[in-house]
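User: I'd like to go through some side-chain interactions with you. Can we start once the structure is up?

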Amino acid sequence: MAAKGDMLYAWAKDAEIQKKGECGGAVTALLKHALETKMVDAVVAIKKGKDLYDAVPTVITNPEDIIQTAGSLHCGTLLIPKLIKKYLNGAKDMKLAVTCKGCDAMAFYELAKRNQINLDNIIMIGVNCGGSVSPVTARKMISNKFGVDPDTVHKEEIDKGQFIIEYEGGHKGIKIDELEEEGYGRRSNCRRCKMKIPRQADIAAGNWGVIGDKAGKATFLEICSEKGANLVNSAQSKGALEISPADPKGIDIRAKVEKAMFNLGDEWRHRDFEGMGKGKDRLKLMMSESSKCIKCYACVEACPICYCIECSTKKPWYIAPGVLPTSFMFHLIRFAHVSDSCINCGQCEELCPMEIPNALFMHSQQVEIEKMFGHIPGQDMTPPIHAFVEEKAERARLDATGTDSIYTNIFTDE
Amino acid sequence: MRAVTPSMFGATYEKLERPEGICWPCPTEEHPGTPILHREKFATADGKGNLFGIDYRPPAEVADAEYPFTLMTGRLIFHYHSRTQTDRAADLHREVPESYAQINIEDARRLGIKNNEYIKLKSRRGETTTLARVTDEVAPGVVYMTMHFADGVNNLTNTVLDPMSKMPELKHCAISIEKVGGN
C-alpha cells in the first residue's frame with residue numbers, strides 16, 4: 001500500500017502502454033485508470049498533432065483514447081491550467097486528471113488562489129521537466145545543428161544534459177549547453193526554471209533515479225498527497241500498474257540531478273538578469289523593448305495570474321485607446337499586478353508576436369520581490385502579497401511612518 | 001486552388017502545415033519555395049534588373065486657396081477595411097469606435113480646434129463630420145483620416161485615375177476644415 005511520501009518505481013501492466021509511454025508508461029496507465037474507474041470525468045493532456053513539433057492540448061473522455069497522449073513531446077510549450085479555467089469552467093463542475101509540468105503545477109495553485117480553478121476536482125500528475133523547446137526553434141536546430149531533416153525525426157528526448165533525436169537512419173545527441181550557447185535549445189524562461197520536480201502535484205513522475213534492471217522501463221513516482229496515494233493504490237490493486245520500492249541509490253541520484261538542474265537554473269538567472277543591467281539601464285531596456293507592443297493581449301490571455309474581467313489596461317484614464325505605440329503604462333500595470341506571483345511559465349514571451357522578452361522582465365521583478373518579502377509563488381495556497389486592509393487602520397499606519405515611501409527599505413540595499 | 005495557380009502549384013497542404021510554411025513561387029511539388037525572389041539574377045532577358053528614374057508628377061488635386069489642407073487617407077492597426085470583422089471584436093471596437101482625422105497641433109491652435117471635438121471636412125466632392133485628433137504625428141497643412149468608416153471619408157476622396165496604373169487617387173486630395181464644436 002503506497003502512502004504519501006513514498007518513492008516507487010512503477011510501470012504499466014498493459015504491453016501497448018508500456019511500449020508507447022515513456023519509461024514503462026506509468027503516467028499513461030494512471031490516467032487511463034482514473035478515467036476507466038470514473039475517478040475523473042475527463043483527462044486533459046497533450047497529444048501529437050500534425051507531427052512531433054505540434055503539441056495539441058486535448059480533453060479525453062474515452063479511456064481507449066488515452067494512448068494517444070503517451071510519450072513526451074518536448075515542443076509542448078503550452079500551459080494547461082489557464083485553458084481549463086477558460087474552456088472547462090475552471091473544473092468547477094467536472095473532475096479532471098491532468099499531466100503537469102512544473103509550470104502547470106504552479107499555475108494551478110496561482111489560479112486556485114484567485115478562485116479561478118477548483119483544485120479539489122483535479123488530480124495533478126506532475127512530471128519532471130528539464131525544459132521545453134519552441135517548435136520552430138526545434139526544427140531549425142535539428143536542420144542546422146544536427147544536419148537532419150526535421151520531418152524524418154520520430155523521437156526526441158532530453159536526457160543527461162543532451163538533446164537527443166532518433167530519425168530514419170540513426171540517432172544523434174548534442175549537449176544542451178552547446179546548443180544554448182548558439183541560441184538554440186530550451187525556451188529562455190525554461191532555462192531559468194527551478195521547479196524541476198513538481199511536489200505540489202499529487203504525484204511527481206519522471207525518469208530520474210530509475211537505475212538497475214528497471215532503467216528505461218520504469219517511471220519514478222514520488223507520492224505527494226493522499227489523493228496521489230489513492231490513485232496509485234487503486235491502479236495497482238486493479239492490475240493497471242505494477243510498483244516496487246525505489247532503489248535508495250536511485251533516490252540519491254534523483255536528488256543529485258535535481259540539484260544539478262537547480263544550479264543550471266541559477267546560472268541562467270544570473271546570466272539573464274545581469275544582462276539586463278541595473279536601475280535606469282534596466283528600465284530603458286524594458287521601455288524600449290515594450291514599445292514594440294501592438295496590444296494583441298496574448299500575454300494577458302495566456303497569463304495564469306491575469307484573471308480580471310475588467311482589465312485595468314482597458315480603462316481609458318490609464319491608457320488612451322487607439323494610440324500606438326502602446327503606452328508603457330500597459331506594461332507597468334501588468335508588472336504591478338503580476339510580478340509578485342509570476343511563476344516564469346514563459347507564455348507571455350512565447351506568444352508575443354513582437355518578440356518582447358516579457359517573461360524575462362516579469363521574472364526579473366519577481367525574484368527581487370521574493371528577496372524582499374519572502375513570498376514564493378506556485379508552491380501552495382499561501383495568498384500573494386496584495387492583501388485586503390482596513391482603510392483607516394492602514395492610513396494611520398502609513399502616516400505613522402513619517403514618509404510617503406511605503407516601504408523604506410526598497411531603494412537601498414540592506 | 002493550386003491546380004489553377006501555376007506559381008503556387010507546389011504549395012501542398014502538407015507543406016503548408018509545417019511551421020515554416022511555404023513561400024511562392026513554388027511551381028512544382030519538389031520545389032522548396034522561394035524565400036528570396038531574385039538571387040543570382042533577375043527574371044529579365046539579360047538577367048540584369050532595370051532601374052529607371054521617374055520625373056515628379058504632382059497628384060491630380062493639390063491643396064490651394066479654397067481647399068488649403070492635404071488629406072491623406074489610410075489604415076489603422078486596430079481595424080481592417082470596413083470593420084465587418086474587426087468591429088465585432090469588443091477590444092478592437094473599444095480601441096477605435098469611430099472615425100477620426102489627425103490634425104497638426106499648430107493648425108489646430110490656429111483654428112481653435114481641441115482634441116476630440118467634431119470638425120467638418122469639405123472637398124470638391126462633398127463634406128463629412130469627424131473627430132479631430134490633435135497631434136504632432138502629421139505635419140502642418142496635412143490631415144490623416146482613417147479609411148475604415150463608411151460614413152465619411154468617401155464623401156471627400158477623388159476618384160481620378162493614375163495615368164499609368166489606373167489606380168484611383170483615393171489616398172490624397174485637398175480639403176478645408178471647419179469647427180463644428182462640441183465633443
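What follows is a short exchange on rings, charges and one leucine.

Analyst: Keep in mind that this is a predicted model.

User: How many aromatic pairs does the structure hold over all chains?

Analyst: The structure holds 5 of them over all chains. One is Y9(A) with F220(A), where the ring centres are 6.0 Å apart and the planes stand at 65°, so the pair is edge-to-face.

User: Where in the chain are Y9(A) and F220(A)?

Analyst: Y9(A) is in strand β1 (residues 7-12) of chain A, while F220(A) belongs to strand β10 (residues 219-223).

User: Switching to charges. Which ring does R2(B) sit over?

Analyst: The charged end of R2(B) is over the ring of F9(B), 4.8 Å from its centre. R2(B) also has a salt bridge with E29(B), at 3.2 Å from N to O. R2(B) comes in the segment before α1 (13-16) of chain B and E29(B) in the loop between α1 and β1 (69-74), so this pair joins parts 27 residues apart in sequence. R2(B) is partly exposed at 30%, as is E29(B) at 40%.

User: What about R139(A), which ring is under it?

Analyst: R139(A) lies over the face of Y53(A), 5.2 Å from the ring centre. R139(A) is also one of the members of a salt-bridge network with D51(A), D151(A), E14(B), R18(B) and E20(B).

User: K101(A) and D104(A): buried or exposed?

Analyst: K101(A) is buried at 12% relative accessible area, and D104(A) is buried at 2%. They form a salt bridge, with the closest N and O atoms 3.1 Å apart.

User: Last one, what does L79(A) contact beyond its sequence neighbours?

Analyst: Leaving aside neighbours within four places in sequence, L79(A) touches several residues, including D104(A), C103(A), A302(A) and C345(A). L79(A) is in the loop between β3 (55-60) and α3 (80-87) of chain A, and is buried at 5% relative accessible area.

Conventions:
Residues are numbered from 1 along each chain as its sequence is written. Chains are lettered from A and ligands numbered from 1 in the order in which they are written. This is a predicted model: local features need pLDDT of at least 70, side-chain atom pairs count only at pLDDT 80 or more; totals for chains, interfaces and linings use all residues. Side-chain values use heavy atoms; hydrogens and water are left out. Rings of Phe, Tyr and Trp (its six-membered ring) pair if their centres lie within 6.5 Å; planes under 30 degrees apart count as stacked, over 60 as edge-to-face and the rest as tilted. Helices (H or I, at least four residues) and strands (E, at least two) are DSSP runs, numbered from the N terminus. A charge sits over a ring if NZ of Lys or CZ of Arg is within 6 Å of the ring centre and within 35 degrees of the ring normal. Buried means under 20% relative accessible area, exposed over 50%, partly exposed in between (1.4 Å probe, protein chains only). Contact means heavy atoms within 4.5 Å. A salt bridge is a side-chain nitrogen of Lys or Arg within 4 Å of a carboxyl oxygen of Asp or Glu.
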